[in-house]
Amino acid sequence: MKHFLLILTFLLFITSGYSQSLSGNSANWNFNSSVESDKNLPELKIFPNPCKDKKITIEMYSDVLSEIRLVNIAGQEIYLKKLEVPVNRVQFDLVNVPNGIYMVQIKTHDSKIVVKKLLVTGN
């Protein structure tokens, strides 16, 4: 009887939970759309990170930059630079920016927003 119940339980698990495919139509597990959306994000590079000499370079390969915003972890805007002429690469100083962790929000020419983390440290 124990063997029968064990086999029955095993078969129930196989047929109900483990037999579902991961590429099904479930809204919670749509792997294809998440991979495609990652490919569509513009490639952004911020260097050096961590920033020690109070000067950083922001470079975007697939799009052009139109606005750079630096926000601290409390959500306060520390720095804002709107570019009159959109460019792929910008270098600027962070002389008046205190040490800490910041989110760099980049707005592209076609209004996409990309966010990266930046660590500013002193010597």
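## A buried aromatic residue

Phe92 is buried, with a relative accessible area of 6%; the cut-off for buried is under 20%. This value, like the others here, comes from a predicted model.

Phe92 forms an aromatic pair with Tyr79. The two rings are stacked, at 4.8 Å centre to centre and with 5° between the planes. The pair links distant parts of the chain, since Tyr79 belongs to strand β4 (residues 77-87) and Phe92 to strand β5, 13 residues apart. The count of aromatic pairs in the model comes to one.

## The open sheet

Strand β5 also takes part in an open sheet of three strands, in the order β1-β2-β5, with antiparallel pairing. The edge strands are β1 (44-47) and β5 (89-93), and each of them pairs on one side only. On average, neighbouring strands of this sheet are turned by 15° against each other, direction ignored.

Strands of a sheet pair through backbone hydrogen bonds. Between β2 (residues 55-60) and β5, which run antiparallel, there are five bridges. Thr57 has Gln91 of β5 as its bridge partner.

## Confidence in the model

The protein chain has a mean pLDDT of 79, and 72% of its residues reach 70 or more. Residues 18-24 have pLDDT below 50, and this stretch has four contacts in the model beyond near neighbours in sequence.

Over residues 33-37 pLDDT stays under 50 as well. For residues 33-37 the model has zero contacts beyond four places in sequence. Where pLDDT is low, the predicted coordinates should not be read in detail.

Technical notes:
Residues numbered from 1 in each chain as written. Predicted model: local features only at pLDDT ≥ 70, side-chain atom pairs only at ≥ 80, totals over all residues. Heavy atoms only, no water. pLDDT = per-residue confidence, 0-100. Contact = heavy atoms within 4.5 Å. Pairing = 2+ DSSP bridges. Helix = DSSP H or I, 4+ residues; strand = E, 2+ residues; numbered from the N terminus. Axes fitted to C-alpha atoms, helices over the stretch in contact; angles between N-to-C directions. Phe/Tyr/Trp six-rings, centres within 6.5 Å; stacked < 30°, edge-to-face > 60°. Buried < 20%, exposed > 50% of the residue type's maximum accessible area, 1.4 Å probe, protein only.
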